[in-house]
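Thanks for coming. I will keep to one topic today, salt bridges, and take them pair by pair.

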Amino acid sequence: MKRIALLFTLFTAFVNIAYSQVGEHRNTFSVGVNGGYVMSNVGFSPKVPQALHGGITFGLSGRYICEKYFSTICSIYGEVNYTSAGWKEDILTAQDQPVINSATGEAEKYSRTINYLQVPIFAHLAWGKETKGAQFFVQAGPQIGLYLNEKTKSNFDFDKINLNDRGNTIVAQDTMKVERKFDYGIAAGIGMEYSAAKAGHFLLEARYYYGLGNIYGDSKRDYFGKSNLGNIVVKLTYLFDI
């Protein structure tokens, strides 16, 4: 709870600093949809070697533009998204070669997909054209995630796993279900927006999310001391003014 309180305190401070000066008042509310691709992993401790897990994200977006201070267009931006995150293990020998399963003769593969309902809320600052043309933007703020379900994909039986050839033998996560259903952290992104008058607004963004919570227990008696999600997201958003 202390981490959550700190998260929202930092967000409130960021918003207050961004909007502390009174500029030209705006009152524009826009809604729309977004979709993109998510590349994620989990920061395990003890460490689990990983490649990036690929998934999709899509959902609803909303933005309220409240002020323009000098050349900075200030707004609050939020989303409600369905997101497929997780991790994909990089199963290698000590010589960085694929580990072969003795039962199948194939390279061992393992991935876990964890589906969330994610809600980010950002302070959104932009510079450029407001109504017709392009602008550059940055945004940052807290994000929460509610666990929906998970799915494991592997090509080996856990009781026949080849540990003898593995350079890393941390495998407890392969059979552990997600224990903590509530995720929270900080997200930040940069992007470009093109406004086409009455046609609406098109936003292309790259975003990074760092989880402050863990998907497994992190007490001294738990196996993992850390197991937080990290996401790189590339997405396209369409907004129209209402």
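Start with Arg 207 and Glu 205, whose side chains form a salt bridge with an N to O distance of 2.8 Å. Keep in mind that this is a predicted model. Are these two residues buried or exposed? Arg 207 has a relative accessible area of 5%, so it is buried. Glu 205 is buried as well, also at 5% relative accessibility, because the cut-off for buried is under 20%.

How many salt bridges does the structure hold? There are eight. I will show two more of them.

One is between Glu 108 and Arg 166, where the closest N and O atoms are 2.9 Å apart. Glu 108 sits in the loop between strand 4 (72-89) and strand 5 (110-128), and Arg 166 in the loop between strand 6 (132-154) and strand 7 (182-196), so this pair ties together parts that are 58 residues apart in sequence. Both Glu 108 and Arg 166 are buried.

The other is Asp 218 with Arg 180, at 3.1 Å between the closest N and O atoms. This pair, too, links distant parts of the chain, 38 residues apart. Asp 218 is in the loop between strand 8 (201-211) and strand 9 (226-241), while Arg 180 is in the loop between strand 6 and strand 7. Where do they stand on accessibility? Asp 218, at 31% relative accessibility, counts as partly exposed. Arg 180 is partly exposed too, with a relative accessible area of 35%.

That is the set I wanted to show.

Conventions: Residues are numbered from 1 along each chain as its sequence is written. This is a predicted model: local features need pLDDT of at least 70, side-chain atom pairs count only at pLDDT 80 or more; totals for chains, interfaces and linings use all residues. Side-chain values use heavy atoms; hydrogens and water are left out. A salt bridge is a side-chain nitrogen of Lys or Arg within 4 Å of a carboxyl oxygen of Asp or Glu. Helices (H or I, at least four residues) and strands (E, at least two) are DSSP runs, numbered from the N terminus. Buried means under 20% relative accessible area, exposed over 50%, partly exposed in between (1.4 Å probe, protein chains only).
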